[in-house]
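Hi,

Here is the structure I promised to pass on. Have a look at it first, and then read my notes below.

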Amino acid sequence: MTLLSSRSSNSESRDADHLARIAIIGRGFTGIMTAIALFKRVDRPFHLVMFDPRAKIDIGEGISQPASTVLTSRVRDLSVDPGLPDDFRRWLETNDTWRDRLISDPAGLEHAFVPGDIFSTYVYKRFSEALTLRPDVIVQFGSDAVTAIDRHLDGGYSVCLGGEQRTRFDAVFLATGYGMRDNTDVAPAGGVRSAVVIGGGIHAVDRALGLLADAKISHVTLISESGFLPQSHAPAAVGAVVTDQPMPRTLRGAFRFLREAASKADLEGSGWQGIMNGFRSRARDLWAGLTPEERARFKRHVKAIYDSHRNRLPPEHYQRLHHAIASGAIAVRKGKVNCIATNGVLFSAPTGLEVLPADLTIDCRFRPSGTDSPLVRSLIVAGLATRDELEIGIVVDECGRTKASALHGLFAMGPLGLGSLPDIDLVPQIVLQSHAAASLLNSRIGETAKARHVAKTFGDA
């Protein structure tokens with residue numbers, strides 16, 4: 001999907017100077033979801049500008065790193081409206097194009113995993129519908145690159161576009177997902193027969209399997225720094241299994257508790273996925289109580305295996321992966337890549353430095369959520385944000401407010417808060433956060449409007 005024009009407005013004749021001005025930086029899933037929530041939750045007119053230097057709207061950006069061809073959340077978990085949890089399923093059931101492709105899933109439609117293009121179509125449809133219902137809102141799409149944000153002398157935030165151009169906004173939502181980056185694939189001009197994929201996460205596995213589907217590529221080397229690969233979802237969705245026993249408050253105790261509960265579930269035949277889902281529902285409280293030393297220990301020793309069980313492959317993809325490994329089509333290597341060249345990579349294996357030749361190299365490693373960008377650095381320098389202790393994002397509260405911001409109008413949404421809010425990179429959590437943030441902003445705008453009205457009344461008197 002592409003934008004048809006650089007400016008879209010539902011209310012051209014309205015005087016925008018008297019409206020609350022809101023900026024969303026990023027038009028991937030997190031940015032579009034934030035806009036949908038604003039349309040639904042802010043009950044008075046406002047002026048919205050959505051910035052992104054890319055013309056294409058990539059709904060998948062921000063819910064995987066970057067968008068994978070198949071989403072790892074089930075249909076039942078993908079509604080963009082928390083009040084209508086079956087909205088996506090019902091949309092699929094009434095859409096002949098998609099229903100015929102998915103209705104044959106043996107576990108039932110709500111348990112199915114869908115390609116990213118289907119979900120993108122649904123999200124953009126809901127975005128268009130929500131916008132149509134708000135003729136009182138002015139919406140603009142800006143192609144300028146936002147390079148810095150600071151406090152504005154007249155209140156609110158000063159957004160720097162490119163060079164010296166600055167624009168004032170009452171509220172700003174950072175929705176850059178994992179950061180706006182160029183394609184890092186390095187491909188030769190000639191034919192491709194072997195490939196190296198760097199990374200051990202969902203996206204790396206997705207790219208490796210996709211390459212093998214191309215008849216020109218016969219072998220893929222998958223390099224995982226930790227050696228772990230994603231585990232599998234259960235055949236059908238399972239809820240959160242929470243025991244009556246209190247959760248230990250230390251990192252070591254909590255994961256001993258998790259291992260014992262998962263082992264018991266396996267023996268009983270119920271599977272570990274429900275236990276992990278229950279653990280994740282309590283992870284934020286556990287994280288808040290850990291010491292800085294324990295959080296650092298989590299990053300060094302636990303995060304990789306935790307993520308491999310948290311972010312799971314659809315069962316079909318998990319089976320394809322391990323069939324490819326067993327047949328030799330995919331070789332999994334443990335090590336850290338030191339250098340990427342046009343003809344291969346140099347990496348540190350447990351046995352020492354090695355050179356892996358390849359016709360194609362694709363880098364799918366997890367990167368901090370754009371925290372090294374000039375934009376985020378400007379926030380930190382201005383005292384508007386702080387990096388989290390894992391150094392993968394910005395410290396935020398449940399609504400996405402940056403905790404260093406005393407103005408409470410600056411939000412870092414979705415994956416940008418992953419270091420302080422576990423699972424905030426998943427669709428259900430992004431949806432809930434977007435609506436909570438929009439409701440909070442609506443209250444703030446209402447209070448500001450009331451204060452202005454009182455000041456004007458007494459001023460006229």
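What follows is a short tour of a few spots in it.

One thing to keep in mind is that this is a predicted model.

Let's start with a helix pair. Helix 1 (residues 29-41) and helix 4 (residues 116-132) have axes that come within 9 Å and cross at roughly 30°. Since anything under 35 degrees counts as roughly parallel, helix 1 is roughly parallel to helix 4. Their crossing is left-handed. On the helix 1 side, the contact is made by Phe-29, Ile-32, Ala-35, Ile-36 and Phe-39. Helix 4 brings Phe-119, Val-123, Arg-126, Phe-127, Ala-130 and Leu-131 to the contact. By type, the contact residues split into 10 nonpolar, no polar and 1 charged. If you want to see how the spacing along a helix works, remember that an α-helix has 3.6 residues a turn, so residues three or four places apart point the same way.

Three strands make up an open sheet in the order 4-5-6, with antiparallel pairing. Strand 4 (146-151) and strand 6 (165-169) are the edge strands, and each has a single partner, so one side of each has no neighbour in the sheet. From one strand to the next, the twist averages 25°. Zooming in, strand 5 (residues 157-161) pairs with strand 6 in the antiparallel sense over 5 bridges. As for individual residues, you can find Ser-158 opposite Arg-168 of strand 6.

Then there is helix 7 (residues 273-281). How many of its residues are buried? The count is 8 of 9, so this helix is mostly covered. The buried ones are Gln-273, Gly-274, Ile-275, Met-276, Asn-277, Gly-278, Phe-279 and Arg-280. What do they pack against? Their neighbours are helix 6 (251-268), helix 8 (283-289) and helix 9 (292-310).

Last stop: a proline in a loop. Pro-350 sits between strand 12 (344-349) and strand 13 (352-357). Is Pro-350 buried or exposed? Its relative accessibility is 69%, and exposed means over 50%, so Pro-350 counts as exposed. Pro-350 also lies 9.7 Å from Arg-333, C-alpha to C-alpha, with the two 17 residues apart in sequence.

Cheers

Technical notes. Residues numbered from 1 in each chain as written. Predicted model: local features only at pLDDT ≥ 70, side-chain atom pairs only at ≥ 80, totals over all residues. Heavy atoms only, no water. Axes fitted to C-alpha atoms, helices over the stretch in contact; angles between N-to-C directions. Helix = DSSP H or I, 4+ residues; strand = E, 2+ residues; numbered from the N terminus. Parallel < 35°, antiparallel > 145°, perpendicular 65-115°, else oblique. Left-handed = near helix turned anticlockwise from the far one by under 90°. Contact = heavy atoms within 4.5 Å. Nonpolar A, V, L, I, M, F, W, Y, C, P; charged D, E, K, R; others polar. Buried < 20%, exposed > 50% of the residue type's maximum accessible area, 1.4 Å probe, protein only. Pairing = 2+ DSSP bridges.
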